[in-house]
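Here is my note on the model you sent. Please read it with the structure open.

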Amino acid sequence: MLKNIKNKFPWFKKNPQWVYADSSATSLKPKCVIDAITNYYECYGTNPHNNDSPLASHVNQFISETRNKVAKFFGVEEKEIIFTSGATESLNLVIHNLSNKLKKGDEVVISYGEHSSNLIPWIDAQNKKGVKLVYAGDEKKHNAPTTEAFIQAITPKTKVLSFSASSNVFGYNLDIRKITKAAKKISPNIIVLVDGTQTAPHHPTNLKLDGVDFFVCSAHKMCGPDGVGVLYGKFEELNKLTPLKIGGGGVSTVALDGASYNLAPLPGRLESGTPNTAGIIGFGAAIDFLNSVGMKNIDTYEKELKKYFDKRIKEVKNIEYVSQTGLYPVCSFNVRDIISQDLANYLGRNKIIARSGLSCAKLSYEITSNKSGYVRVSLYFYNTTKDIDRIISVLKKFKKSDVVDNIF
């Protein structure tokens with residue numbers, strides 16, 4: 001199934017000379033997703049917030065079908081899936097609600113490797129409410145967090161665990177199920193919030209078995225369109241959330257002296273406003289596509305791809321590679337004494353799309369003491385060992401003068 005997978009993606013036909021190695025930022029889109037979006041605009045185009053015409057009714061059905069597909073994809077119930085604009089909105093919605101219930105001295109366990117979306121809202125809670133942030137890992141060495149480090153960080157004062165299941169910089173992977181099970185054993189009332197943006201695209205995920213309270217991800221990293229996110233929550237936990245956005249669909253009654261929105265049913269209460277209808281429909285097509293390829297097949301293939309990159313990167317002189325422990329092909333490195341942006345720019349001039357810096361994980365420098373960041377090559381199941389060979393070949397040819405050449 002994976003042998004000719006590139007043929008499913010129009011991007012490769014339009015850009016045959018390029019290597020796409022930035023899938024952790026956003027994945028490419030298969031034709032079936034593009035077609036689903038185009039079909040909505042060409043054939044339907046209606047707002048889904050009514051059933052006053054057959055076309056509007058069809059659009060509502062399409063959204064419901066996508067919600068059902070996402071629920072099955074993650075092993076949960078349809079009523080536990082909320083659509084947002086992306087993982088950032090999903091995280092902000094949950095963290096805003098949780099932080100409002102926390103008191104001074106309550107502990108929240110996170111890590112230095114968190115994406116800003118799962119970091120800045122918690123820092124705000126620390127500054128405004130006196131919540132104590134506990135960073136999992138060795139406080140002196142500031143090592144990348146491990147599953148065991150997260151478990152060891154839990155104390156009777158811990159109220160929330162909020163962490164990325166996989167780093168978008170270092171590629172390390174945490175055992176969601178093991179961490180959640182240990183946390184609930186210490187205190188059944190601990191809330192576990194997982195940022196799954198870097199894991200949902202790569203391997204099978206069963207959130208019911210994982211036992212987490214909340215889980216977020218973004219469609220655009222899963223072969224879907226931009227502007228669509230998923231918030232999964234246990235139904236009883238979702239029901240406790242107050243919406244960040246208040247408006248149509250999220251309000252049950254409106255009177256001159258006020259409105260009632262906390263009584264509005266889910267999912268509408270947390271999905272106010274016209275949704276990204278085309279995006280949700282496109283996401284449904286993306287879920288179908290991933291299922292047709294097979295998440296187990298993707299999982300197996302990408303692990304082998306990562307092993308191959310791990311082996312080949314060692315051939316590059318003066319390389320500093322910081323993603324050796326990851327299972328999936330999120331591969332960050334530097335050439336010693338070269339600024340990451342200069343090296344990524346060199347790759348770009350050689351038709352390799354990669355990324356430089358800290359990739360929105362702004363405290364990850366605490367782990368390595370490198371504030372300028374790394375070049376990140378992030379691959380997906382449409383990449384091949386030939387892509388890796390091309391990357392390594394270009395890196396081997398790099399000279400410091402290549403940086404100077406780009407100035408003029």
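The points below go from the overall build to single residues.

1. Basis. This is a predicted model; local features need pLDDT of at least 70, side-chain atom pairs count only at pLDDT 80 or more, and totals for chains, interfaces and linings use all residues. Residues are numbered from 1 along each chain as its sequence is written, and side-chain values use heavy atoms, with hydrogens and water left out.

2. Overall build. The protein has 15 helices and 15 strands. Helices (H or I, at least four residues) and strands (E, at least two) are DSSP runs, numbered from the N terminus. The radius of gyration is 22 Å, close to the 22 Å that the globule rule gives for 408 residues, so the protein is as compact as a globular protein of that length. That radius is taken over C-alpha atoms, and the globule rule is 2.2 Å times the number of residues to the power 0.38. The C-alpha trace spans about 70 × 55 × 40 Å along its principal axes.

3. Of the 408 residues, 53% are buried. Buried means under 20% relative accessible area, exposed over 50%, and partly exposed in between (1.4 Å probe, protein chains only). Contact means heavy atoms within 4.5 Å. Among contacts between residues at least 6 apart in sequence, 70% join residues at least 24 apart.

4. The sheet. Seven strands form an open sheet in the order β2-β8-β7-β6-β5-β3-β4, with mixed pairing. β2 and β4 (132-135) stand at the edges with a single partner strand each, so one side of each has no neighbour in the sheet. Neighbouring strands are turned by 20 degrees against each other on average, direction ignored. Two strands pair if DSSP finds at least two bridges between them.

5. Strand β7. Which way do the side chains of β7 point? Phe 214, Val 216 and Ser 218 point one way, Phe 215 and Cys 217 the other, and all are buried. Three bridges join β7 to β6 in parallel, with Val 194 and Phe 215 as bridge partners. Five bridges join β7 to β8 in the antiparallel sense. Gly 229 in β8 stands opposite Ser 218. Thr 84 also stands opposite Gly 229. β2 and β8 run antiparallel, joined by four bridges.

6. Helices on the sheet. α5 packs on the sheet and touches β3 (107-110), β4 and β5; its direction makes about 135 degrees with that of β4. Helix α7 (residues 176-186) lies across β5, β6 and β7, at about 165 degrees to β6. Axes are lines fitted to C-alpha atoms, for helices over the stretch in contact, and angles run from 0 to 180 degrees between N-to-C directions.

7. Helix α4. The 15 residues of α4 (residues 87-101) should span 21 Å at 1.5 Å a residue; the end C-alpha atoms are 22 Å apart, which agrees. The expected span is 1.5 Å times one less than the number of residues. Buried residues of α4 include Glu 89, Leu 91, Ile 95 and Asn 97. Their cover includes α5 (120-129) and β5 (158-164). Ser 99, in α4, is buried at a relative accessible area of 10%. Beyond its neighbours within four places in sequence, Ser 99 is in contact with Trp 122, Ala 125 and Lys 129.

8. Cores. A nonpolar core is a set of buried Ala, Val, Leu, Ile, Met, Phe, Trp, Tyr and Cys residues joined through side-chain atoms within 4.5 Å. In the largest core, of 64 residues, Phe 74, Phe 215, Phe 283 and Phe 381 touch the most other members. Helix α10 (residues 277-293) gives the largest share, 10 residues. Apart from this core lies another, of 28 residues, among them Tyr 321 and Leu 347. Leaving aside neighbours within four places in sequence, the contacts of Phe 381 include Leu 2, Phe 9, Cys 223, Phe 289 and Tyr 301.

9. Backbone checks. Most residues other than glycine have a negative phi, and most peptide bonds are trans. Please look at these exceptions. A cis peptide bond joins Leu 266 and Pro 267, with omega about 5 degrees. Pro 267 is in the loop between β10 (258-260) and α10. Asn 318 has a positive phi, near 60 degrees; Asn 318 is in the loop between α11 (295-313) and β11 (319-321). Lys 351 has a positive phi of about 60 degrees. Lys 351 lies between α12 (340-349) and β13 (352-353), and is partly exposed at 34% relative accessibility.
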